Structure formats: structure tokens, C-alpha cells
Amino acid sequence: MASLRCNLLLLTLVALAAAVSAHNITAILEGIPEYSQYNSFLTQTRLADEINTRTTVTVLVLTNGVMSSLAAKHPLSVIKNALSLHILLDYYDPAKLHKISDGSVLTTTLYQTTGHAPGNLGFVNITDLQGGKVGFGSAAPGSKLDSSYTKSVKQIPYNISVLEISAPVIAPGILTAPAPSASDMNITALLEKAGCKTFAALIVSSGLIKTFQTTADKGLTLFVPNDEAFKAKGVPDLSKLTNAELVSLLQFHAVARYTPIGALKTTKDPISTLATNGAGKYDLTVTTSGDEVTLHTGVDSSRVADTVLDSTPFSIFTVDNVLLPPELFGKSPSPAPSLEPVASPSPTPALAPSPASVEAPSPLAASPPAPPSETPEGAPTEAPSSEAQNSTSGNGAGHVTSPAFPMTLITILFVTVISSIVLS
């Protein structure tokens with residue numbers, strides 16, 4: 001019985017690890033030389049991070065010859081917009097392409113989410129043509145289906161699908177309106193419009209505005225507190241800081257590299273800031289819960305609220321709180337001990353339970369886990385099989401309409417199984 005229990009536990013852990021593993025577009029493409037340029041630009045523009053954080057996505061890839069023509073004479077910001085139009089926020093495999101309702105559909109792309117696509121310029125038209133061909137084109141009125149489906153590259157139903165197309169999908173004006181140079185942007189005007197006038201005034205008065213402008217062309221990310229954040233309770237009196245301390249505080253809100261929101265979501269290691277030097281780390285750590293990203297300083301934490309600017313290689317985000325580095329304000333205090341410990345049933349002090357025993361009761365005394373039948377109403381009851389998770393173009397065609405199984409629910413079910421086995 002014990003052996004069976006161990007084997008079941010091992011199988012459960014293996015299945016859980018497979019279930020929560022995320023796709024990696026860079027890894028998918030790196031073994032295919034004909035997509036090396038496309039893969040390289042996904043990394044340079046940080047679009048790979050955006051793709052990897054999506055739970056349902058289709059990537060339309062281009063061969064090196066086609067990619068060379070698209071990228072020629074265009075700055076990275078323009079290339080990023082063009083490639084964003086090739087990232088569909090839905091799952092399409094070869095079977096689904098040939099079963100499109102009414103033969104044609106407009107699908108949302110990552111470009112539509114950037115705010116740079118007026119009207120329906122961020123949508124792609126997919127049409128099932130006669131003779132087994134599938135055409136792709138811009139959804140803008142009058143646009144032609146200049147590209148067609150060539151072959152399948154990889155599918156992980158219903159998570160990610162990678163399809164090769166014959167030519168790029170070009171929305172009107174997407175290649176002819178390059179973004180202005182970061183050093184030419186009016187950073188203070190952008191911040192003031194976003195409700196960050198206090199931060200804008202501080203970087204001007206301290207002289208940091210010049211540093212930000214010269215760094216922006218090489219790569220810069222700003223995390224800017226809004227005006228209300230500077231009025232919040234617990235924010236130190238900035239007038240009592242020396243000029244050097246104020247500059248360090250402001251530099252603590254800047255990272256000397258381009259880090260869009262997708263890259264933040266995949267960040268695991270501490271992030272060095274412009275304030276980082278030999279005397280202190282001045283770094284930030286990042287945690288993610290769904291689409292919410294939180295920055296931690298060691299003193300406080302703050303939610304990344306909104307994107308003010310995302311123009312490769314410069315990005316600006318607003319944050320809810322002023323980021324306070326421990327190098328200037330000390331580390332956050334330890335939680336206070338409980339003022340009312342649970343009393344011992346015995347009057348003898350020596351027999352009183354320790355705080356650890358009160359806070360962490362024996363597992364044997366824990367209530368049994370909830371049975372699987374208590375899964376929230378409406379949740380799917382079956383996940384794609386492990387074979388489907390690793391299938392390529394020929395697999396999973398018969399399950400196109402099935403939704404992706406939520407990762408959090410998978411985790412809950414497997415933890416429940418593990419608990420049942422251990423406690424039985």
C-alpha cells in the first residue's frame with residue numbers, strides 16, 4: 001500500500017509539472033534555422049515575452065527571406081508594430097483555419113492592444129479561400145489578402161499555435177509612420193498628462209531630465225508615482241533629503257533598459273536601477289498575479305498601474321506608490337508578535353503551547369481536503385491530455401472548439417489529490 005501511495009504521488013507530481021509548464025516561443029523557433037531572423041526580432045523587441053505570457057495565442061511566422069524584406073530600412077519600433085500584427089490573440093490550428101464560420105473572420109492582434117492602432121487596424125482578416133487555401137490580410141477596408149497559409153510549425157492545444165505564412169500582413173501606415181526618437185520626446189509633458197506632475201517637477205529641478213533623455217535612446221524604463229502617491233501616509237518628507245539622496249530616490253524609479261509589460265511579467269531576478277552603485281544594490285523585485293504586476297523594494301511595494309508609453313526602446317509606467325529603497329529608508333519592520341496568544345488549558349506555565357504550535361497545528365489535526373466534487377460550478381472537467389500538450393500540426397484537430405484548461409484549477413485539483421493520498 002505504501003509503495004502504491006508513493007507511485008501515485010510521484011505520478012501526480014510529474015503530471016502537475018507538465019500541466020503548469022509554459023510555452024516558450026524562442027525555444028520553439030530556435031531549432032528551425034529558416035526562422036532565425038524572425039526569432040531574433042521577437043527577442044530584440046521583447047515581443048517574445050508578450051507571447052510567453054499569453055495563455056491563448058497564434059504566432060504567424062515569416063521565413064528569413066521574407067523577414068529581411070520587412071525589416072530593411074525600418075527602425076526597431078516600426079518592426080515591433082509590424083510583428084505585433086502577426087500575433088493573434090486566439091488559437092488557430094490548420095483544422096480551425098478551414099472551418100471558419102462563414103468562411104471569413106476578423107481576429108484581434110497584439111497590435112490592437114498597444115493603443116497605436118486606430119479603428120480596426122489592429123485586426124487581421126482570415127479567409128478560407130477556394131482550393132484549400134487560407135488568406136491573411138489587414139482588416140482595414142479595401143485591404144487585400146496578400147498573404148496565405150503555408151504550413152504548420154507547432155501546436156500545443158489550446159495554448160499556442162505557430163503557423164508559417166507566405167508574406168507579411170501590412171496594415172495601412174504601419175511602415176510609414178516611425179515613432180519619434182526617444183530623446184526627441186517631451187518626457188515631462190508625457191508625465192504631466194498622465195497625472196505625474198510632482199515627479200516631472202522633481203526630475204527637472206534635480207537635473208535628472210537630461211540623464212533620462214540621453215539614456216532613453218539606448219533603453220530606459222520609468223516607474224512613475226502619480227501625484228496622489230506623494231501625498232500618501234508614510235511617504236517621507238522629501239524636503240529633508242539631501243540633493244544626493246533625492247537624486248538616488250528618483251533614479252530608483254528608472255531602469256536602464258527597455259522593459260515592456262510582457263518582459264516585467266516574466267522577470268525572475270532582481271532588477272538593477274539607475275541608482276544601483278557600489279554602495280548599495282538599489283534593486284527591485286517583481287511578482288505577478290494574472291495580469292497584475294507588483295514591484296517590491298524591501299520597504300514597500302507598488303502595483304504597476306498603467307502604461308504611459310511603450311515605444312521601443314523607451315517605456316513609461318505609472319505606479320500607485322512612491323518606491324522607497326531600503327538603502328535610504330531602512331528595511332520594512334518585521335511583523336509584530338501576537339498580543340493574545342492562545343491560552344493553555346493547564347494552569348502550569350511549562351505546559352503552555354508555544355507560538356509555533358498555535359500557528360502551525362499538526363497535519364493530523366487538519367480537516368480533510370475538499371472532495372473533487374466541490375469544483376466551482378461552470379469550471380471545465382477535462383484538461384487536454386499530455387499527448388495533446390506536445391502535439392504538432394497533425395494533432396488536436398478534432399478538439400478545436402475545446403477551451404484551454406485553467407492552470408489554477410489544474411493546480412488546485414492536483415494539490416487536492418496529493419493531500420488525499422498523504423492523509424489517507
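## Helix H5 against helix H6

In this predicted model, helix H5 packs on helix H6 (residues 76-84) at an angle of about 130°. Their axes are 10 Å apart. Angles over 145° count as roughly antiparallel and 65 to 115 as roughly perpendicular. H5 and H6 are therefore oblique to each other.

H5 contributes Met 67, Leu 70 and Ala 71 to the contact. From H6 come Ile 79, Ala 82 and Leu 83. By class, the residues of this contact are six nonpolar, no polar and no charged.

## Helix H3 against helix H5

H5 (residues 64-71) also meets helix H3 (residues 36-44). Here the axes come within 7 Å and cross at roughly 45°. H3 and H5 are therefore oblique to each other.

On the H3 side, the contact is made by Ser 36, Gln 37, Tyr 38 and Phe 41. On the H5 side, Asn 64, Met 67, Ser 68 and Ala 71 take part. The contact of H3 with H5 has four nonpolar and four polar residues.

## Ser 206 between H9 and H10

Ser 206 sits in the loop that links helix H9 (197-205) and helix H10 (208-216). Is Ser 206 buried or exposed? Its relative accessible area is 18%. Buried means under 20%, so Ser 206 is buried.

The Ser 206 side chain reaches the backbone nitrogen of Leu 208 at 3.5 Å. Leaving out residues up to four places away in sequence, Ser 206 touches Val 247 and Leu 250.

Technical notes:
Residues numbered from 1 in each chain as written. Predicted model: local features only at pLDDT ≥ 70, side-chain atom pairs only at ≥ 80, totals over all residues. Heavy atoms only, no water. Axes fitted to C-alpha atoms, helices over the stretch in contact; angles between N-to-C directions. Helix = DSSP H or I, 4+ residues; strand = E, 2+ residues; numbered from the N terminus. Parallel < 35°, antiparallel > 145°, perpendicular 65-115°, else oblique. Contact = heavy atoms within 4.5 Å. Nonpolar A, V, L, I, M, F, W, Y, C, P; charged D, E, K, R; others polar. Buried < 20%, exposed > 50% of the residue type's maximum accessible area, 1.4 Å probe, protein only. Polar contact = N/O pair within 3.5 Å; in protein donor to acceptor, adjacent residues only side chain to side chain.
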